[in-house]
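Welcome, and please take a moment to look over the sequence and the structure below. A short tour follows, topic by topic.

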Amino acid sequence: MSDVRQHADDIHDQFSDHLDLSVEDVEKRLRTLVDEYKVPIDEARRSVTNHYLEEAGLDREDLASGSSEAAQVEDVDEPEQWIDLTAKVIELWEPRSDSVAQVGLLGDPTGTIKFTKWAKSDLPSLDEGGVYELRNVVTDEYQGRYSVKLNSTTVIEELDEDIEVGDDTSEIEGALVDMQSGSGLIKRCPHDDCTRVLQNGRCSEHGEVEGEFDLRIKAVVDDGIDAHEVIFDKDATEDLTDISLEEAKDMAMDALDTTVVADEIRDQIVGTYYRIEGPTFGRYVLADDVEELDGPANAEELLIKARSM
């Protein structure tokens, strides 16, 4: 079975209870995007799925993948995966949107992860300190931080037990040897609870949108043994570079080019030694606490090493 046909089967299975459509119809839409417009298959699948969601009057969270697998927090390393978690509610925070019923932090022996429970899902409330089996939750990602979303298909079962929550904090000391693409002044999707970075003005979830500016750094830090991928969010980027989001926007407007911001940041930080502490999410360390160190930073030597990685 071809890759396109498999994706068509999966989409058909998701919508067969909601729409009168055939696998052939779905495959035709996918092939038009993939073969004629050279759209990557993952983006084509999202586009076709969004089409059928609109036609059926559904939200993405109303659809299950058809199966979910047991996982631990440390296993969450990509978005849009359907999993089952057994976790303890560490904290509950005040929701910032009426569309959110609860938001907080879950933990298991492998680490912690943010969760969001939608108001329209009509699920039972979670209590701080409670341990729950959460079946059929979907993963999400924002600035390298992974989270899970509880939706109308999620099943919540409270467990009469306690679990020990692991510490997922990392500390790195080393040279920042590379700044990756997608750093500097970027734009994100403005839709509620969608913070995906736009590519050529398009959100992979919502299509062409008017994005909102944000700042970030995706860096590689070498501690002499391993290379670590580190993400600095807006606040961490502003603290590290003394360039505010508003100043970055002004720089880009004056130059009529957003890449000047990344170039300025790169000149400041590549070749510098740092101590970085923060939680680990998938392959990324999130920079919560950063200190510049004195070190034998030979920028030219480090750049040569970075390009060879």
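Among contacts in the protein between residues at least 6 apart in sequence, 60% join residues at least 24 apart; contact here means heavy atoms within 4.5 Å. This is a predicted model, in which local features need pLDDT of at least 70 and side-chain atom pairs count only at pLDDT 80 or more, while totals for chains, interfaces and linings use all residues. Residues are numbered from 1 along each chain as its sequence is written, and side-chain values use heavy atoms, with hydrogens and water left out.

**The protein as a whole**

- The protein has seven helices and 16 strands; both are DSSP runs numbered from the N terminus, helices being H or I with at least four residues and strands E with at least two.
- Of the 309 residues, 45% count as buried; buried means under 20% relative accessible area, exposed over 50% and partly exposed in between, with a 1.4 Å probe and protein chains only.

**An aromatic pair**

- Rings of Phe, Tyr and Trp (its six-membered ring) pair if their centres lie within 6.5 Å, and planes under 30 degrees apart count as stacked, over 60 as edge-to-face and the rest as tilted.
- By this rule the count comes to one aromatic pair.
- Phe15 and Tyr52 form this tilted pair, with 5.6 Å from centre to centre and 50° between the planes.
- Because Phe15 belongs to helix 1 (residues 3-15) and Tyr52 to helix 3 (residues 41-56), the pair ties together parts that are 37 residues apart in sequence.
- Both Phe15 and Tyr52 are buried.

**Helix 4 with helix 6**

- Helix 4 (residues 234-241) and helix 6 (residues 259-269) pack at an angle of about 60°, and their axes are 10 Å apart; axes are lines fitted to C-alpha atoms, for helices over the stretch in contact, and angles run from 0 to 180 degrees between N-to-C directions.
- Helix 4 and helix 6 are therefore oblique to each other (angles under 35 degrees count as roughly parallel, over 145 as roughly antiparallel, 65 to 115 as roughly perpendicular and the rest as oblique).
- Thr237, Leu240 and Thr241 of helix 4 make the contact with Ile265, Gln268 and Ile269 of helix 6.
- These contact residues divide into three nonpolar, three polar and no charged; Ala, Val, Leu, Ile, Met, Phe, Trp, Tyr, Cys and Pro count as nonpolar, Asp, Glu, Lys and Arg as charged, and the others, Gly among them, as polar.

**Helix 5 with helix 6**

- The axes of helix 5 (residues 245-255) and helix 6 cross at roughly 120° and come within 8 Å.
- That angle makes helix 5 oblique to helix 6.
- On the helix 5 side, Ala248, Met251, Ala252 and Ala255 meet Val260, Val261 and Glu264 in helix 6.
- The residues of this contact divide into six nonpolar, no polar and one charged.

**Positive phi in two loops**

- Lys38, a residue other than glycine, has a positive phi near 55°, and its place is the loop between helix 2 (23-36) and helix 3.
- With 65% relative accessibility, Lys38 counts as exposed.
- Asp242, also a residue other than glycine, has a positive phi near 60° and lies in the loop between helix 4 and helix 5.
- With 67% relative accessibility, Asp242 counts as exposed.

**Around Gly207**

- Gly207 is part of strand 11 (residues 207-208) and counts as buried at 14% relative accessibility.
- Leaving aside its neighbours within four places in sequence, Gly207 is in contact with Gly201 and Arg202.
- Gly207 and Asn50 are 157 residues apart along the chain, and their C-alpha atoms are separated by 9.1 Å.
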